[in-house]
Amino acid sequence: MTKGSRLRLVLRDVASGCAFASMAVSGQLPLWTLGLYGVALVAALAGKRLFARRAKLTALLLLGVAAVLAVNVTSGALNLVVAACAFAGLISAHRLLSAPDAATDGQVHLSGLLMVAGGAALSGELVYGLFLVAFSVLSSVSMALGVVEAAVPEGEPVPVRAVLRPLATGVTFAVAGAMAFFILFPRLNWNMTGPRAAPGLGPATTGFSNTVRLGGAGTIKDNPRIVLRATLSPDPGGDALNAYWVGRTYDIFDGLEWTNAGGVRREREPLLTLRPGGDNLIHQRVELLPAYGGRTLIALETPSRLGNAVANGSTGSRRTFLQELAGGEARFLEAGLSYSYEAYSLPPGGSGDTFRRLPSVEQDALLALPEALDPRVSQTAARVLNGEREPLAAAQKLAAWLQREHAYTLELSGEREDPLADFLFERKAGHCEHFATALTLMLRTQGIRARLATGFFGGERVNDGYVLRAGDAHAWTHVLVPERGFVTVDATPPAHRPSQGSRLLQRLLGLYEALESRWRNSVVDYSFRDQVDVARALVRPPKGSESTERSRLPPPRAWGAALLAGMVVYAAWRLVTRLVGRPRPHEATRFVDLVEAVLLPARLFRAEGETLEDLDARLAREGHPLAPALAPATRRYLEARFGGRPLRQGEAEQLIRALQRAVTAHVRLEAQRARAAAAEPRARAS
Amino acid sequence: MNLRLKQRRARLRAWLRPPRTLKVTRIGRTYLVVTFGVGLGALNTGNNLLYLLLGLLLSMVVVSGVLSERCIRDISVRRVGTDAAFAGEPFAFRWAVSRKQGHAFALTFSEADSPLLGGGGVGYLPANVEHVVRANLTAPRRGPLRMTGVRVTTTWPLGLFAKTRVLPLEGLLLVYPKRTYACQEPGDAERGPVGDSGNPRRNDGSGDVTGLRELAEGEDARRIHWLKSASTGKLLRVEREREERRTWVLTVEAGLAGDALERRCEEVAALAHRLLDEGHEVGLNTTDRRLRSGAGSAQEKRILRALAWLGFEGAREEEEEAA
């Protein structure tokens, strides 16, 4: 096998791998198909074509696989589209392991095409786009090498480098053409299937449980995965939002874990109104990502209304109802991989709740203390407060004390019998749940109503919205303040409230998220409306563009100037390339030009088509006085041009000088003769 | 009149023929079916990724067309030809191919509008380099074969479509009779051991001089007796004795046509080959032509040429007129 053939096969196999990966990123393919394909790909890349000798017999394996998939589909364990995609992948795997010939190559490429189409049906991830482009490029190169290899006579090398250049240009144009087609081809529907969701890589991270158990290491704070995207209106505009996003609250603590009093409050509502709001509500369009892993709605503190919820699954999206539970928790009724909804929240300052309007169970729970509460907790709280009775001031005083006297740590090993006492008096270090629990219970010991709230703290700007990471999961305290309702007081040191993960990893994920956001807005959610906008922007500038905020993109004339500059640079580059690459005149030819220039004063010109030796021969025939001077130059020119004896350094100048002297002498002589002839008396005919 | 009509027809055919023809390959058909399916899927579901994929697939089709067009443009071909073409068996044929600018890939060459089967290919043709493409062609039947052009086909870049262009190039290939085994005996030799058996006075030997005669067309000039030729004013050749050679004159009977003529031509060609191979002299008698006896490979070629033209005398006259 030649080097070109090996390269072609490797490219073919890697292209097939990319096509399979474009499906695999959806996370919906059965694990065993991933394993089988992976083994086949590795074997193929190692050059082990295990099915080369028994292609037909091994094709029976595919029948078995098809039967397994069919059983899965009929039992409802597997989606039909997913099963079809998995089968396409396994067909490709079989072909990878078969003997490489023209037919097999074609089948591998076409099965790759099917896999990429399947990937489009399963996933809308940015990674899919990358795999699509990788598959297109690798597959095209492999196919082109195959075409050339088939035409190259046996034994001759495949001109790989020569193939790559025009092909690279072609693929670039194909990608550009695909983009143009994508933008301009009229969308004949409104993408009614809605966005599809894929579980992504790795298990879901956060979610909400019905209880919060105190203790254990806070590993989640290191996790940089993005769990929530939100667009706010009005847009606060800052890079870091540093806001509290509440999921639910807890009011009963038994010494080890927090729970809620009460159960389901409202069973099935399309729109949940948790508390009345005014005109200054903050609107949020929220998307909970698969990494979130829960069904509890998250909203900026303090949520007023929640609704318009959509659950996104692998096959599309559907509207879902909401359920209200104790602790102000709102849940999606139907499970999905990801969710989107809208929320309205009150501006910061308080929830506006009044004690009397709270359910009676909650009223009782807000001052409840665990039976076995360490008496030192109460004593310490009293000592710190030193008679302070105003709830908010007391809470802030205690929070400041906790931040001052206790350290933040995520490394808490082992279960403790009394985690609160351990945090406050023994270890004096803990994470957000310890700080929030301590503050809540210390307030309660002093007769101040408080509860634990969990959710997220932070908000990092990405494009036009904000994202939350799994590491932003947080717990804090709600203090009931008369006239204001529940007010947030956070006892955790400010530096440790947001995610504690690696900065580099967070930046990388942030960059990916920004790209993913662009991809989603520009490709996945591209619609007829966007096409109309594009057309309108081409015809005239968008209405009100002068009055609204200036775009971050350069103005159209800058694009035009850049395009023009690019074209000029390209033209200049082409010109330079052509000049550099043009055939340079032979040194001897330049010598002839010099000889010709020197002969000009003597009025000796070469006739049309007359060579230097012809001129020399003519002058010799005519007995021209310059013939002897021209002869050595002509002879030397012929030797240099055709005889393989190039002119030595300075030789041309020497010959030219000699010729020039002869020409000057000749010209002078001619002039003298002319003057003499003019001076001679002429006989006049009479 | 007939010739003019033929020329007009050929011109009309050339005018009507599209400059390029496009044929979808097997993998190309499947590719188009998948593209169609992706298009239907995109329209049906509104999935933007399918639209993107559809755009990519269609763009690749367009790019494939552009690249293949660039590939077969600016190509010039000349026929180097063949040494000998026998009907029914492959013979080596060559074209010299070049292009002034740009590279070309995966080109296959064949003769257009001719019954010649087979073709040759070149994987990579750089600019300003003349590349000789070799091919094994097969002619199905004997006779003169008029070639009107060279067909250039490329499946570059992806092998989805085969784009073909015909480069007009007039030419004539004379196909000799099929090489078979001679079943019949050649009959009696004109001179030699039978009848004239044992007579050493046979021509074109290397023995003693037996006489002089006028030099016939196509005979070896080295046999000319320059002194006598100068004195008589015409070319005379020396005839020398030969010991073992015999002379046969093979005949293709008049009135034969179709398969009978083909069979006879093949038979005569095979006999001539056998006899000449054995060192004898062979001549040929046909309806309108007589080849003097001769020996060697040149004589065999003359006989084969004469046999190839049998039944195509009209075309031969045209050819001679054109020459």
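The paragraphs below lead through a predicted model, beginning with the layout of its chains and moving on to cores, salt bridges and a surface patch.

Chain A is divided into four stretches, namely domain 1 (3–184), domain 2 (212–512), domain 3 (536–576) and domain 4 (587–679). The C-alpha centres of domain 3 and domain 4 of chain A lie 60 Å apart. Chain B, for its part, holds 7 helices and 14 strands, and of its 323 residues 43% count as buried. Where contacts in chain B join residues at least 6 apart in sequence, 66% of them link residues at least 24 apart. The accessible surface of chain B comes to about 17,300 Å², and 52% of that area belongs to carbon and sulfur atoms.

Inside the structure, the largest nonpolar core has 108 residues, and those with the most contacts within it are B:Trp95, B:Leu107, B:Phe109, B:Trp156 and B:Leu173. Helix 3 (residues 48–72) of chain B gives the most to this core, contributing 13 residues. A second, separate core of 41 residues includes A:Phe253, A:Trp258, A:Ala394 and A:Leu424.

Charged side chains come next, and the structure holds 37 salt bridges over all chains. In one of these, A:Asp105 and A:Arg12 meet at 2.6 Å, N to O; A:Asp105 belongs to helix 5 (residues 102–122) and A:Arg12 to helix 1 (residues 3–24) of chain A, so that the pair links parts of the chain 93 residues apart. A:Asp105 is buried because its relative accessible area is 10%, and A:Arg12 likewise counts as buried, at 0%.

In chain B, a salt bridge joins B:Arg20 to B:Glu69, with the closest N and O atoms 2.8 Å apart. Because B:Arg20 lies in strand 1 (residues 20–24) and B:Glu69 in helix 3 of chain B, the pair ties together parts that are 49 residues apart in sequence. B:Arg20 is partly exposed, with a relative accessible area of 25%, and B:Glu69 is partly exposed at 21%.

At the surface, A:Met179, A:Ile183, A:Leu184, A:Val534, A:Leu538 and A:Val539 form a nonpolar patch with about 600 Å² of accessible area together. Helix 7 (160–184) and helix 14 (528–539) of chain A are the elements that each give two or more residues to the nonpolar patch. A:Val534, which is placed in helix 14 of chain A, is partly exposed, with a relative accessible area of 31%.

Conventions: Residues are numbered from 1 along each chain as its sequence is written. Chains are lettered from A and ligands numbered from 1 in the order in which they are written. This is a predicted model: local features need pLDDT of at least 70, side-chain atom pairs count only at pLDDT 80 or more; totals for chains, interfaces and linings use all residues. Side-chain values use heavy atoms; hydrogens and water are left out. Patches are made of residues with over 30% relative accessible area and no salt bridge: like charges are joined within 9 Å, nonpolar side chains (Val, Leu, Ile, Met, Phe, Trp, Tyr) within 5 Å. Accessible areas come from the Shrake-Rupley method with a 1.4 Å probe; for residues, only the protein chains shown count as cover. A salt bridge is a side-chain nitrogen of Lys or Arg within 4 Å of a carboxyl oxygen of Asp or Glu. Helices (H or I, at least four residues) and strands (E, at least two) are DSSP runs, numbered from the N terminus. Buried means under 20% relative accessible area, exposed over 50%, partly exposed in between (1.4 Å probe, protein chains only). Contact means heavy atoms within 4.5 Å. A nonpolar core is a set of buried Ala, Val, Leu, Ile, Met, Phe, Trp, Tyr and Cys residues joined through side-chain atoms within 4.5 Å. Domain bounds come from an automatic or database domain assignment.
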